[in-house]
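Please look over the sequence and the model shown here, and then read the report that follows, which goes from one part of the chain to the whole.

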Amino acid sequence: MPLLGFGTWQIKGDDAVRATTTALEAGYRHLDTATVYGNEREVGRALAESGLARDDVFLTTKCPPGRAGSALDTLRESLDLLQTDHLDLWLIHWPGDGSVNEDLWRRFVEAREEGLTREIGVSNFDASLLDAVTEAGGEAPAVNQIEWSPLLYDADVVAEHREREIVLEGYSALRGGTLEHPTIVAIAERVGRTPAQVIIRWHLEHQIVVIPKSVNADRIRANADVGDFTLSEDDMSSLDALRAR
């Protein structure tokens, strides 16, 4: 699973095709979408028209808990829209009520056993919910996708995931004031990078998956251009400490 992916939340229609195409051309090999985003068809079109081999791109979509009673049908609809016969990762998009999570997780295990997805995971789950579905399905989610940024950093949350051998994937890293935060801006100016690049690099150095999104072609390309610089230990410590401020 590439640590850097392209997120597509709130990107619709032709914008979704253009943005996804630009991302693939810029070198992203990890695409993230969801049933409720309403853009699986467009993401699938961009991937199909890219000329890239399907196995060269890590593809994620998500199932809302309200579809628990028709989970496999929902997955097959997603596969049709995405123009592929399998996913690389299928996520429960957010926790449901009552026994929904456990019931849906069992369907997820079935989907993987049928070869419809290579890995299965969850999104927006806390440690107790991760343990509940693990017990219900006999195995832990491969991934938990949660809102994450330097302003939300919590070493205990990182440890909870690593103890369970669950990959932590962050979303909305470039929202919530991160791009304007004075500490992030100061680091960016000193290293000659954008605040977004600093935030993305911070994720990568923590070995946390990050899926920035944009419809602006220049920003999409810039957000992928993070492989040729590193952050110092002091920079990382400063960014890790922002939650408490």
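## Helix H8 and what follows

Glutamine 207, which comes after H8, has a positive phi, near 60°. Helices and strands are here DSSP runs numbered from the N terminus, a helix (H or I) having at least four residues and a strand (E) at least two. This is a predicted model, in which local features need pLDDT of at least 70 and side-chain atom pairs count only at pLDDT 80 or more, while totals for chains, interfaces and linings use all residues. Residues are numbered from 1 along each chain as its sequence is written, and side-chain values use heavy atoms, with hydrogens and water left out.

Because nine of the 11 residues of H8 are buried, this helix is largely enclosed by the rest of the structure. Buried means under 20% relative accessible area, exposed means over 50%, and partly exposed lies in between (1.4 Å probe, protein chains only). The buried residues of H8 are Ala196, Gln197, Val198, Ile199, Ile200, Arg201, Trp202, His203 and Leu204. Their cover includes H7, H9 and H10 as well as strand E8 (209–210), where contact means heavy atoms within 4.5 Å.

The structure holds 17 salt bridges, each being a side-chain nitrogen of Lys or Arg within 4 Å of a carboxyl oxygen of Asp or Glu. One of them joins arginine 112 to glutamate 139, with the closest N and O atoms 2.4 Å apart. This pair links distant parts of the chain, 27 residues apart, since arginine 112 belongs to helix H4 (residues 100–113) and glutamate 139 to the loop between helix H5 (127–137) and strand E6 (143–147). Arginine 112 is partly exposed at 23% relative accessible area, and glutamate 139 is partly exposed at 24%.

Another salt bridge is formed by arginine 164 and aspartate 131, whose closest N and O atoms are 2.8 Å apart. Arginine 164 sits in the loop between helix H6 (155–163) and strand E7 (167–171), whereas aspartate 131 is in helix H5, so the pair ties together parts that are 33 residues apart in sequence. Arginine 164 is partly exposed, at 26%, and so is aspartate 131, at 35%.

Arginine 193 and aspartate 225 also meet through their side chains in a salt bridge, at 3.8 Å from N to O. Here arginine 193 lies in the loop between helix H7 (182–191) and helix H8 (195–205), and aspartate 225 in the loop between helix H9 (217–224) and helix H10 (233–240), so the pair ties together parts that are 32 residues apart in sequence. Arginine 193 is buried, with a relative accessible area of 18%, while aspartate 225 is partly exposed, with 40%. Elsewhere, Arg54, Asp55, Asp88 and Arg118 are linked in a network of salt bridges.

## The chain as a whole

The chain has 10 helices and eight strands. Its radius of gyration is 18 Å, close to the 18 Å that the globule rule gives for 245 residues, so the chain is as compact as a globular protein of that length. The radius is taken over C-alpha atoms, and the globule rule is 2.2 Å times the number of residues to the power 0.38. Along its principal axes, the C-alpha trace spans about 50 × 40 × 25 Å.

Buried residues make up 50% of the 245 residues in the chain. Among contacts between residues at least 6 apart in sequence, 73% join residues at least 24 apart.
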